[in-house]
Structure formats: C-alpha cells, structure tokens
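Have the sequence and the 3D view open as you read.

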Amino acid sequence: METKEIKVYGMMCGHCENTVSKAINSIVGVTEVSAFHGENKVIVIYDPKATETEEFEKTIIKEGYSLTKKEVIDEEIEEKIEIESDPETSHSEVSFNIEGMTCANCSLAVEKALKKTDGILKTAINLPLEKGFVKYDSSLLNNDDIFNVVNNAGYKAFKEDVKVDKSHRKVKYRFLFALALTIPIVVFMRGNFFEHSTTNYILFTLATLVQFVSGISFYEGAYYSFKNRTANMDVLISLGISAAYFYSAFSLFFIDPSKHTFFDSSAMLITFILIGKMLEAKAKGKTSDALKSLIALSAEEARLVSDDKEEKISVSSVRVDDVVKVLPGEKIPVDGEVIEGGGAVDESMITGESIPVSKSKGDFVTGATINQSGTLRIRTTKIGSDTVLSGIIKMVEDAQADKAPIQRLADLISNFFVPVVVILGLLTFSFWYFYADISSLPQNTSPFLFAFEMMIAVLVISCPCALGLATPTAIMVGSGVGLNKGILFKKASTLENISKLDIVLFDKTGTITKGKPEVTGVYPAKEIKAEDLLKIAASLESNSSHPLSAPVVKKALDKGVTPVKVTDVKEISGHGIQCSMDGRLVKAGNFRFVKEDSIDSFISELSNDLSEKGQSTIFISDNGKVIGIIALSDVIKKDSKHAIDELHSVGIKTGLISGDNKKAAFSIATEVGINDVEAEVLPEDKIKAVIKWQEKGYKVGMVGDGINDAPALAKADIGIAIGSGTDVAKETGDVILVRNTLLDVSGAIKLGKKILGSIKQNFFWAFFYNIIMIPIAAGILYPKYGLTLKPEFASIAMWLSSLSVVGNSLLIKKFEKKI
C-alpha cells in the first residue's frame, strides 16, 4: 500500500469533503480516503498495482474541484466574465436560517431538494449553524422560491434578520399539553370511576387530543421523511403511537367498547418522547451565538486623527493607512502599527495570556484588544475581513461546519427496522387471513379479526417506545448527574466522541493556571529586608495604572505592609513608574527602566533565573541602585497536576498549547506532568495543533477558556470549555466544566463512557423483547400450543421493555459517587 497526498482546491465544507472522499473511494484499489477542506488536501491510501494516481486527479476534476489554486482563481474569473458578458443571465446569492434540522439526514434532505430545483447553481447547508447558502439564477427564481423549496422539504426557512421561534419552545408547549392530558388518562385508566365502556370513551377523547395536537409533529416528520426517501425516529414513533391508538379506536367503535384499550400507552409514549425532544432541543449548541459574541468584541467607534484634528467615526469607515488614537481603557478598533506613544495592552483575546504586553513605536496591535495604560497612535494596516478577529470568526465557522454531527444510531436502525416490522405485520395478517385453517381459529372470531389482531400484536410488540427512550432517558439521567458534578454536555453526539478520546490538549492561561498574575517571590538585595522592599514597591505601584501593580499592592497588604505616601509621581509608558520618597528617587519597572542604575551580580543572576522559569519581574531601584526584584507569575491551579495524573492513569495522553513564551510554557508543563508542549502559538496555530494530532489518527479533546481557544475547541473532536472562561469558549465547546476544576475533565470522560454504555444496553433491551416476542406475537406458538399474544398483552410486553430501559438509565445515578 502507498499513501498519496493531493492538493485540492474548491472544497468549502464537510459536504465537499464527503463528495470527494466518496468519489475517490469508489476507485478500485483505494482502501482509505481523508479529505480536509481547511488544508486544501486529500490523503489517499491505495494499492499501486490496482490503480494509478492519475485516476484520483481525473475523479477530483470530474467532481468539479481543482488541482491548483490558479485553476480556482481562473474559474472564478471566467465565471465572473461569463456573468458580466451575458446581460440576460443574473446570478444572485442568499443566506438564510433553517429551522427543524436535527441530524445529518435533515441537512442532506434540504440540500437534495434544492439541487433538484431548476435555477439553483450552488448550495451549501450548514447544520451546526442551521443556515443555508444558495447561489441561483434570479431570472428563474427569487428568495421566496428558495424558501418554499426548503419549506416543502419539511423544514422552515427564514431571512437572517427575522427572529424565529426557538424549536425547544414548541416542543415544551406540546409536552406540557400532553402531560396535562396524560395524567388524567392514567388516573381514569386505573381508577375505575365509571363503567369500562364509559371510561374508554373518555380515554378516547383525551388520547385523541394528545395524538393529534402534541403528536402531530411526529406524523409531519414521518411524512416528510418518506417524501425525502429517508427513515428517521419520527417514522418509528409514528408507527408506535399509531399502532396503540388506532387499534384502541378500532376496538372501541367496531369490536367491543368495553374491551381493554391502550389509549394510555399512546398518550404516555408521546409524553415520554417529547421529554427527550425537549431536553435535546434545549441542549443543542448555540454555535451561532458564539459567532455573535465574537463579532460583538469589535469596537464600534474609532478616534480618527487627521491634520491634528480628532473625530469619532464608525469603525467601518476607517481605511488602511488611517491614523487612530486610543486612550487608556479604550478598545483598540483596528489592526495596525503603533507610530507614537506606548503602553500596556491586554491581548488575552488573542494570546489568552493575562499579563499585558508593553507596546511602543513600531509594535503591532490587534483590533478588539484593550489599551490598559498610555496613549497610542496607530496606523491602520488591516480592516474588515482581513483583521485577526475576522480570521478567528472565519476559523470558528469553518471548524464548526467541518465537524459534522454523528448520525443517531436510532435513525440508522430505523432505515431497516421500520420496513422489516411493516413487512412482518403484513405477512402475519396475510398468513392468518389467507392460509390459516378456519376450524383451528378461536370461537366467536373471524379470519379477518383474528389476522388483524395478530398483525396489531406484531406492530404493538415492535413499538419503538423503548428505542425512542433509549437515548433520551440515559441522557436525561446522565445530564442530571453531570450537572450535580458541574459537568454539562451540550449535545448527545458528545457522549460517543468523549468516550473515545486518545489525547487531551490544554490551554495554559486560565485553564492549567489561574489566569491572573500573582506575586510569587520578593527578592531583596543582601542589605535590604523583604518587608522594606515590598513597602517601597507597594508605595510606588499604588500610584500606577499598570495591570501588574495591583498584585504587588495586594501582596503587601496581605503581609501587613502599608504603602506610604510619595510625591513627584511620574509614570513612563512601557517602562515603569518613579517618584520621590523621603527625598530619594525610587523606581519600579522593567530592566530597560533601571539599566542605567547600579545592579549587582546577585540581582542579575536572579533575574536570569526567574526569566528562565517564565516569570515576570519588576526591578526596584532606590537612589540609583537596584535593591531587589518582585517576581510575578500566573500560578498553577491546585488541582491541575492531579487532573493530569488522572488522565494518564486511564491511558489518555496530554499536551499543552500556549501563546506564552517557551520558558514559561515548559516550566508549567513540567510542573504538572505534561510532556508534549507547543508554545508561542496564535489561534491559527492552536487549530493546526489539533489537526496535527487528528491526522495521526488520534481522537482529540481540547480544554480552554479564552476567545483564542474557540477555533481549536470547535475543531477538536471534543471541545471542553472552562466555566469561568469567555462566553465564546463556552458556546463553542461541547462540554462545559461549571466548577472550573480540571478534575472534571476526567470526570466528564468517565461519565460520557457510562452514559454511552447505558445507551448501548438500552438498545439491547429494546431489541431483546422484539427478537423474543415478535415471533410469539405473530402466532408461532398457536398451532402447537394454542397460545396467542393479545394486543393488550403485547402492550404490556412493550412497556416492560420501556421500563427496563428507564430502569437501566436510572442506574446511572449510582455512578455519581465515582466521579
């Protein structure tokens, strides 16, 4: 076998990857294909004796993609020329929201419906963002026509500026309505308040309302499922509730109104399924909110400087080479170069590092970061989609679109299970109606009624209530356990992925560490006491606006050292602060600020040692002589090492990804026991680190808390966000650790494995009854033993399978003590 990497241009999303992979995989001799639209490449493992690489290239071109970037550009130019040269052809584009998609089959159904429509030139459906993107011939179609195609496929399309009703609200109202009627149904069924026939008519009235108000969505879903030639959970649910309800209605009106019915079964089934649907709708990831949060970070106004005049304008009006002025405390509106002034800039939005970075003339700054001290004049170098923040937004979009959700197991099974059950039911009816010996049938019955009853028994015993409850009940109980332990799973597909993780990558600042600088050491010169050094430092820093000043003052106060009043205070941006104290000139700042002062060898060596450990230092000078150093660092959380050890104990590798310098990153990694380290990385490097491990065949988990972590969290197989982190990180992540402890990383993995294991057990019990009871319901024991399974007993067996599923799910609660 050989491996061939081919550059492919034009792939825009996960669907493009699937198209290319499927096409190449169909070539004889190909054993494995991996496509990466973000990397513009396809990796093919093949047998060189069976095929040649030219076949791969021909197939790629045939599918509409290109082998060189130039071809893509030329194609776009040709398309543009063609459009401009033909005045009769007008191409338009529209993006819109789509409501109602729940799985990969849904997005494929929408895409399939659009592609079959004349005038549609290009379409892409983004399931995670619930959006559609369509390019079409406006001479044949308009936006409303596009929306109608989506609506006719069983979903709802809306303009992006239209506020749509959240689907979970509709599910909630349907559930509450069903619950309000199901409770009295159960009461009447068990209470014996009236004659049995009267009770049945009451149950029929209440169950009909539940069936066709709360349960109508299942019938609608099943209709569109058949229309789109797919079979999902709605088909299974519709089959189950219909079997129970319509048999009961038939029995009530055409057989005997006093006979036993199962109106309660259909109503309870709808109610239980809607509980799962409601929880699923609420748990759905708010990926579009993550992008909105990113966009909201941008400054809205900029202070434009021209001809010594200042005016506030919209950031959208700023152009490249414009000069903007940023005062202390303001958000930097553009990406650009500092041409005048200096100060400390909080770049945690990009680097994730809490310690501000000093900026002076010639340094570059990034839009949406915060100027914490000093006045800056910045020449704009990038605007609009070229800015770093826009790049992060694009990466989050791409990563989310690339990570297609896993198709639900129940949906997959339903494609085979539903037709098989229907066929078995029809075969059962046909056998007993056409071929059975009439003399062998029970008295007071007819071949039709006997055959119909046997068919209904098969359908009822095959009712997918247990299959429908298998996942939501386990998720409901497991999610409750998780919340009690501060672990929130945002979607069901997370449960399968998290149990298969091979490596967990950690951001450093705010994840492994506390995310805030603290004083880690007070190092006075030989003739100075630590208390005196701290007193001078605190007296100086209490007058400074620099972010490192507050930790120094806090340290002094914690030690009982009170700062004294000083005079002639002067703060020099990017260097430090100086003042007069009892007639002496005292200074606190970086090395550049005190390099002209006297520094003994002890202080110099100490400074180098602290730098090697990745710690920040403040030099304290008194009358021209450096008298000590205050060291600050982002302190490791107390449970970080334990959390890493826990992961190693279950065979999961760990890695550290940090925007900090290499010394600091390796120092932290060594202390907590992480071997693999990548330092001085930007957001695009973090996502590349995730891809690197994925290309090696690893299932990757990413733990982070910052905006800069959002793309990597989205790209990872499982994104785990720290609860104290930014909203963007939490909304992009698949798992939220509410308690902010890294010990919950291993807890989340253990809980995910437990829940997934319970779901698999639930599926076993769901099918165990079918495998054993369907033949009995079909009458296999009647010829020899005279035994049949009445529909009412079939209903009991059906509910036994449901009870076993629910009971097994409830056992997850006992697992809480082990997390």
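## Aromatic pairs and a cluster

Phe 263 is buried, with a relative accessible area of 0%; buried here means under 20% relative accessible area, exposed over 50%, and partly exposed in between, with a 1.4 Å probe and protein chains only. Before going further, note that this is a predicted model: local features need pLDDT of at least 70, side-chain atom pairs count only at pLDDT 80 or more, and totals for chains, interfaces and linings use all residues. Residues are numbered from 1 along each chain as its sequence is written, and side-chain values use heavy atoms, with hydrogens and water left out.

Which cluster does Phe 263 belong to? Tyr 201, Phe 204, Phe 212, Tyr 219, Tyr 245, Phe 246, Phe 253 and Phe 263 form one aromatic cluster. Rings of Phe, Tyr and Trp (its six-membered ring) pair if their centres lie within 6.5 Å; planes under 30 degrees apart count as stacked, over 60 as edge-to-face, and the rest as tilted. By this rule the count comes to 22 aromatic pairs. Two of them are set out here.

| Pair | Centre to centre | Angle between planes | Type |
|---|---|---|---|
| Phe 96 and Phe 147 | 5.3 Å | 65 degrees | edge-to-face |
| Tyr 245 and Phe 263 | 5.8 Å | 65 degrees | edge-to-face |

Phe 96 sits in strand 4 (residues 91–99) and Phe 147 in helix 5 (residues 143–152), so this pair links parts of the chain 51 residues apart. Phe 96 and Phe 147 are both buried. In the other pair, Tyr 245 belongs to helix 9 (residues 233–255) and Phe 263 to helix 10 (residues 263–283), 18 residues apart. Tyr 245 counts as buried because its relative accessibility is 4%. Helices (H or I, at least four residues) and strands (E, at least two) are DSSP runs, numbered from the N terminus.

What does Val 735 touch, leaving aside its neighbours within four places in sequence? Val 735 is in contact (heavy atoms within 4.5 Å) with Ile 487, Leu 488, Phe 489, Thr 494, Ile 498, Ile 718, Gly 719, Ile 720, Ala 721 and Ala 748.

## Strands and sheets

Two strands pair if DSSP finds at least two bridges between them. An open sheet of 7 strands has the order 17-29-28-27-18-25-26, with mixed pairing. Its edges are strand 17 (487–489) and strand 26, each pairing on one side only. On average, neighbouring strands of this sheet are turned by 20 degrees against each other, direction ignored.

Elsewhere, strand 11 (residues 335–341) runs antiparallel to strand 16 (residues 376–382), joined by 6 bridges. Val 338 has Ile 378 as its bridge partner in strand 16. Strand 11 is also joined by 2 bridges to strand 14 (residues 364–365), again antiparallel. There, the bridge partner of Gly 336 is Val 365.

Is Asn 371 buried or exposed? Asn 371, which lies in strand 15 (residues 370–371), counts as buried because its relative accessible area is 0%. Not counting residues up to four places away in sequence, Asn 371 touches Val 326, Leu 327, Pro 328, Gly 329, Glu 330, Ile 332, Ala 344, Val 345 and Leu 376.

In helix 24 (residues 662–672), the buried residues are Ala 664, Ala 665, Ile 668, Ala 669 and Val 672. Looking down the axis of helix 24, these fall within an arc of 125 degrees, so they line one face of the helix; the arc is that of the directions from the helix axis to the C-beta atoms. They pack against helix 18 (508–512), strand 19 (513–524), strand 24 (625–636), helix 23 (640–649), strand 25 (653–657) and strand 26 (676–678).

On the face turned away from the buried side, helix 24 carries the exposed residues Lys 662, Thr 670 and Glu 671. Glu 671 still has contacts beyond its neighbours within four places in sequence, with Ile 636 and Lys 641. Glu 671 and Lys 641 are 30 residues apart in sequence and 7.5 Å apart in space, C-alpha to C-alpha. After helix 24 comes Gly 673, whose phi is positive, near 95 degrees.

Conventions: Axes are lines fitted to C-alpha atoms, for helices over the stretch in contact, and angles run from 0 to 180 degrees between N-to-C directions.
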